[in-house]
Amino acid sequence: MEVTSWTTMKRFVYINDDSCRYSYCGNRISNTKYTFWNFLPKNLWEQFRRFMNQYFLIIACLQLWSHIAPVSPATTWGPLIIIFIVSASKEAWDDYNRYLSDKKANERKVWVVKDGTHRQIKAQEIHVGDIVWLHENDEIPCDLVLIGTSDPQGICYVEMSNLDGETDLKTRFVPSISANLSADQLGKVKGVVECPNPDNDIRRFDANMRLFLPIIDNEACPLTINNTLLQSCYLRHTEWACGVAVYTGNETKSGMSRGTAETKLTAADAMIDKLTIAIFTFQIIVVLLLGYFGNIWKDTQGLKQWYLMYPMEGPWYDFLVIPLRFELLCSIMIPISIKVTLDLAKGVYAKFIDWDEQMFDWETNTPAHSANTAISEDLGQVQYILSDKTGTLTENRMIFKRCCISDTMYGNNNEDDGLKDAKLLHAVSSNDPDVIKFLNDGTVSYKAQSQDEEALVNAASNLNMMLISKDNSSAGIYFNGSDFHYELLDILEFTSDRKRMSVVIKDGQTGKILLLSKGADEAILPRASAGQQIQRYLEAVEMYSQLGLRTLCLGWRDLEEDEYKEWSKKFREASCSLHNRESKIAEVCHSLERDLHILGVTAIEDRLQDGVPETIKLLRNAGINVWMLTGDKQNTAIQIGLLCNLITSEPSSQLLSITGKTEEDILRSLERAFIIMKNTCETKDLAFVLDGCALEIILKHSKESFTRLAMLSRTAICCRMTPLQKAQLVAILKSAGYLTLGIGDGGNDVRMIQEANIGVGISGREGLQAARAADYSIGKFKFLRRLILIHGRYSYNRTAFISQYSFYKSLNICFIQILFAFLSGLSGTSLFNSTSLMAYNVFYTSLPVMTIIFDKDISETTVLQHPQILQHSQAGRLLNPITFCGWIGRSLYHALVIFFITICAYADEKSEMQELSMVALSGCIWIQAFVVTMDTNSFTYPQIILIWGNFVAFYMINLILSAIPSLQMYTIMFHLCGQPSYWITMALTVVVGMGPVMAFRYLRDMYRPSAINMLQQIEQSNGSIQAFGGMDSALESVRTNLTDLVTDSRRNSDSNYQPLLSD
Amino acid sequence: MMRRRDALGNGNLERLMVVGAEPDETWPQNLLLRSQTAHAHAGSPDPAVLQPIGPFVAHLLSPVRLIQSRGAAPHVASRAVVSPLLLHHSPEVRNPPPPDLTASSIETGDRRPPSQMDPLKTQDSSKKSNKPKCSYRLPPPPPPNPFSFVYSKFTQQELPACKPLLTPAIVISAFLLVGVLFVPIGLASLSASQEIVELIDRYDTNCVPMADKVGFIQNSKTDKSCTRTLTVPKHMKSPIQIYYQIGDFYQNHRRYVKSRSDKQLRYKDAAHLTKDCEPEGYSADGAPIVPCGLIAWSLFNDTYTISVNKKAIEVNKKDIAWQSDKSKKFGSDVYPSNFQNGNLMGGAKLNESIPLSEQEDLIVWMRTAALPTFRKLYGRIETDIMANDQLTVVIQNNYNTYSFGGSKALVLSTTSWIGGKNNFIGIAYVIVGGLCLFLALVFVVLYMIKPRTLGDPSFLSWNRGTLDYPN
């Protein structure tokens, strides 16, 4: 209740009145996150809210205590500061750009009218109540209530693409109260606008305006969103317009709807976090053990070593010193560079998506775009795709196909175009009154707001009935050589609840008032006047929707003058109300839309987009479950589902319909569907069909059993879904632990897109709204296959490697340090010097790993030929605890090899600390280079340059460092490079380190190959792709049957990971 | 952004150059449209007139449209440009053109990719008729523009790549190669190592006559000299290195390894920099110790006098330290002071009149060892020693390894290219090489017994009908 009272709080805007102008914020826009002063503390606070950064900060602080620091604090502070500076400067740069654009907007000159005089001021100086004067193509500086335009009819056009992404122009109207004011009067007008407090709903503005003397019209005039000019839109095709500022600065509708989207965490990221925590735990255990034994060694041995001069009695914290030293020594187990490396890699994945030419839509000149750069890996692990139908699977290009007027069906089966139907042409030319009325209906309401209407008007104009003029209050129709004029009295707008819209018109010739309605069949047919035969129309609707056509029912009714007047008053009241305006209007409209004479049914075709069936087939082969969620009718939806391979009509598939008249019926059919689905042989393609009402009841009563059903079902068609229900379905799948991808094109899909793990928007004909809310926007549904199979899969593979390798190399050096601890009296001496440690993590090993962002395990063609391979990444086979253990094992093995070869080869007189440390470090670098090489599947020149260039750079850097006398490692590298035994040791290290890995790999690839290995081999064996092409088709049937098996096995055995890289 | 992409990516470059201006994205679309309309109506279809409104129009109009407006039907072009925006509310539409024509002119706008932009072709088609039939037909994407970064092979991830696989041929030959290389290298190292003559004499137990070893060593009064006699097994070529070897001595201990001041060793006026040297930083009277720290303090102080066949030979103790250490790490103007003055005696004393850079024993000692058992160079004998010669070593057994149970040994060793005597590398090479050859053989045999065609799709799990991935 509190919320309601809060939302209904009002603001009163006094036009042209200085007294209230300072009670609201000025028009200064500020999108910046920081100010100059709070940048550092705020940014630091933000950065150190992450666990990893806190960890590193604690480590860095501990390093400052020189008593326990094994190496110079710079080894941690350096990278930490670099990482901090990198992310801070990125933030600062973004914020600075925001500041600049804000400044530009704030200092833009705008014209305001003050007591009749025009003045030019900066946009930021506008206050609530000012009258702002706009010229053509001006950007609107704040939210205005339109009070006058240059257009005599009081309309102006705005482009709102900045706000809702729709590029078509919107018409805005001057409220009736100020419609007749001259330009001079407008400058002096006084009045008050009563409007709600600022909110972010760009489709609603329920306000009233009252003008004061000298304009004598004291009646409150209702204002809607159609009377407003919203900030950041553009005025078009209108010489000038002026309006009263009602919301300014950050309180405008566009200002309020800005907000930072919550960051999405990918499944791979979550896994990395888990692994990090596991490593952290492991680290703590190691530290405690080493610390404990270190203290024991100190007490038993250390005190005897006179040269150590251990004091007999240490300070109270003495027992902590050794564990803390080991903590610092082991702190590199968690690689400080992993976050930066991953962020960088993700940025590159996103760029690859943006750049991809094959996802460039030439028809609309739209490239694919990834708005969210952080979640590309999730694309490779998608399990459920929830797709919108209209505009996503279909082109959303409506073509009028058939109609049924007064029991006559026009348009027959063979004909492509309903318009060419001779019967219809005949009917038109013979002036069949019903047909004419039918056509009128479509035309009168034409505003090109909806695709259906456009199709109808186009069709009508092809039948010689042209809409020749249309403005705020009248329409003219040119038909068979004569003009007809209709006065448009009221529009009962379309809402998704009512599912219909109506107009009240007055015939220019006869003066008769007519109500014309159109809408969904179930919204129109029940409102037919009693006694009318609607059976025929029901049949028509049924028939059309079976053909996959969209149907609209049309109806009309004569209105008596009195009836209209009475209703009109109620309608006006309702549209003036500030509370629940929508429902009140709906109620009033309801009262008028009854006893309709059904005129007929239109059928409009919405063609499938290019490549949709193939894409869906491919995605389903890839083990992704595709659900279709649509607002359309069940039959149409099923038809489209058949057309686009979502369901097959063969006996191999079965549709389970969950319907019923009562709640019990529905729940019972849900249970039945569940039992059938559970017990049927898995090769059979089962899909369930559900509609909105049923879903509502199901969600209310048995959400659990529905979730179970959803988990079993590979395909589902959900029709008559509201935007909220679409989002609910996504939420159900998400809560069951699946990775969902929502794809849609319209405003009604936005909620689903935002709810899903990955939101993909089609930048389509319904505007860019969905594309803007989405993480990825693509031009066509068919690009989804590249987005998932190519980009998603590669990104996942690459991230899996980068993250695990980062841990591998850190653990590798850490294990060496731990092994060395056993030879240095468990005292926490670092084998490596500070410079080496710092450079190792930040430089030597970070660059080679980046090369993997160019890696492709198998070619794009192969992936598209064998989409099943996606199941590998879906099941997380490349990044899971088992593969990670494999990497840890390899890391331990390599550490042992490096350490023991080093201490054996450099024993006795050679066991000089600096030399030994450099030998071990070079051993690491050599092995790393070969590890990366071995795990790279394809070598492109950047990879070769980075891997081996880095290797060369290691020697260069160390030779340079060896030339600096003040460093500890002065001349060390010269010594080493001059020794044959050094190079011999390196070769030994590499062979012992890599030999078993290679042998193991070879045996596995040869005798127990994974699917990826198989495909690599297929690719390699010359020309085999062509050669096996024929074989593939032969195997096709087998494969399609078995795909399901594989996915089901995946589903049943999530733990059945395959360690790919274990030693 | 999209417009720009169109301009560059679609290869409209030439057209832009014809018009001769940079694409200006901020140019108000509406204004341009109007002026374009005006021009068309004014009957000046010459494209040169378009120049002032330049880039945008050039951009908006494909060659098709330019040619149309130049040719027969200027009004078509004008309407084509206007109609998309005014369609909904303009009287222009009162006599609407045939819908497909309108549509086609819209279609021929920005969307037409440059593969259709071939001037010859388009001219042809426009000459043929004014009713472009191909209005909805969209040509396939054009080839990437080589001049544009966006369409480079890099951005398309299509860089030429080499994809080596672990095929039997590669793996077997790799193992063979390694084996073939490693065995000889191993044998060479082994023989080099074997040729080195090494004499080790552990003397720590034998040089202490009494049971209370620690008491003995700590008593500064007793005579600690000890004579050891060794027989040289093989001819030892000069230079013969003399090492002392200490076991279980943790020179790598953290407390120890850090206890030094490199600045103090190098610079004369840095004597006070003893922060890291605790507890051997300052002497009892508060003066800084040079060289400070535990390492210097515990300097090894056993000495060896060596005679061959009863004839004393000279042990060269010059140049036993690294030249770089002497010149750059230890100052030639830094003299020891307050060293070993405290109550607690550590190791050797230093001659305070010799600068640190000449104190080579100290320099050698200060190069800390990484392992608890280590050898340090004591000196060199620069004459050959024959086989069966009797070596007599008089040891001043001063250094205390007894309290922690460490060992002490004297080592005489010749050198070769591989360094000192170390069989590890040789043995490891031979073993690894042998294993590689063995593995190569095993792989060959395996391949013969169980040949497998690479890349047989029937092995794919989804083709095979098994439920699980191969494990």
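Predicted model: local features only at pLDDT ≥ 70, side-chain atom pairs only at ≥ 80, totals over all residues.
**Questions on a two-chain model**

Biologist: A:Asp388 is found in strand 15 (residues 384-388) of chain A. What makes such a run a strand?

Modeller: Strands are DSSP runs of E with at least two residues, helices are runs of H or I with at least four, and both are numbered from the N terminus. Residues 384-388 are given as strand 15 of chain A, with A:Asp388 at the end of that range. As for conventions, residues are numbered from 1 along each chain as its sequence is written, and chains are lettered from A and ligands numbered from 1 in the order in which they are written.

Biologist: Why is A:Asp388 called buried?

Modeller: Buried means under 20% relative accessible area, exposed means over 50%, and partly exposed lies in between (1.4 Å probe, protein chains only). A:Asp388 has a relative accessible area of 3%, so it is buried.

Biologist: What does the UniProt record list as "binding site"?

Modeller: The unreviewed UniProt entry lists A:Asp388, A:Thr390, A:Asp745 and A:Asp749. These residues are spread over 362 residues of sequence, yet they cluster in space, with a largest C-alpha distance of 10.5 Å. UniProt annotations may be inferred rather than shown by experiment; positions are in the numbering used here and feature names are shortened.

Biologist: What makes A:Arg786 and A:Glu860 a salt bridge?

Modeller: A salt bridge requires a side-chain nitrogen of Lys or Arg within 4 Å of a carboxyl oxygen of Asp or Glu. The closest N and O atoms of A:Arg786 and A:Glu860 are 3.1 Å apart, and the pair forms a salt bridge. This pair links distant parts of the chain: A:Arg786 is in helix 26 and A:Glu860 in helix 29 (residues 860-865) of chain A, 74 residues apart. A:Arg786 counts as buried because its relative accessibility is 7%, and A:Glu860 counts as buried because its value is 10%. Both residues also belong to a network of salt bridges with A:Asp356 and A:Lys856.

Biologist: How do you know that A:Glu755 and A:Lys734 meet in a salt bridge?

Modeller: Their N to O distance is 3.8 Å, and the side chains meet in a salt bridge. A:Glu755 lies in helix 24 (residues 750-755) and A:Lys734 in helix 23 (residues 723-735) of chain A, so the pair ties together parts that are 21 residues apart in sequence. A:Glu755, at 30% relative accessibility, counts as partly exposed, as does A:Lys734 at 31%. Over all chains, the structure holds 36 salt bridges.

Biologist: What makes the phi of A:Met309 worth noting?

Modeller: Most residues other than glycine have a negative phi, and most peptide bonds are trans. A:Met309 has a positive phi of about 50 degrees although it is not a glycine. A:Met309 is found in the loop between helix 8 and helix 9 (318-330) of chain A, and it counts as buried because its relative accessibility is 17%. In chain B, B:Asn309 has a positive phi of about 50 degrees although it is not a glycine. B:Asn309 is partly exposed, since its relative accessible area is 42%.

Technical notes
Heavy atoms only, no water.
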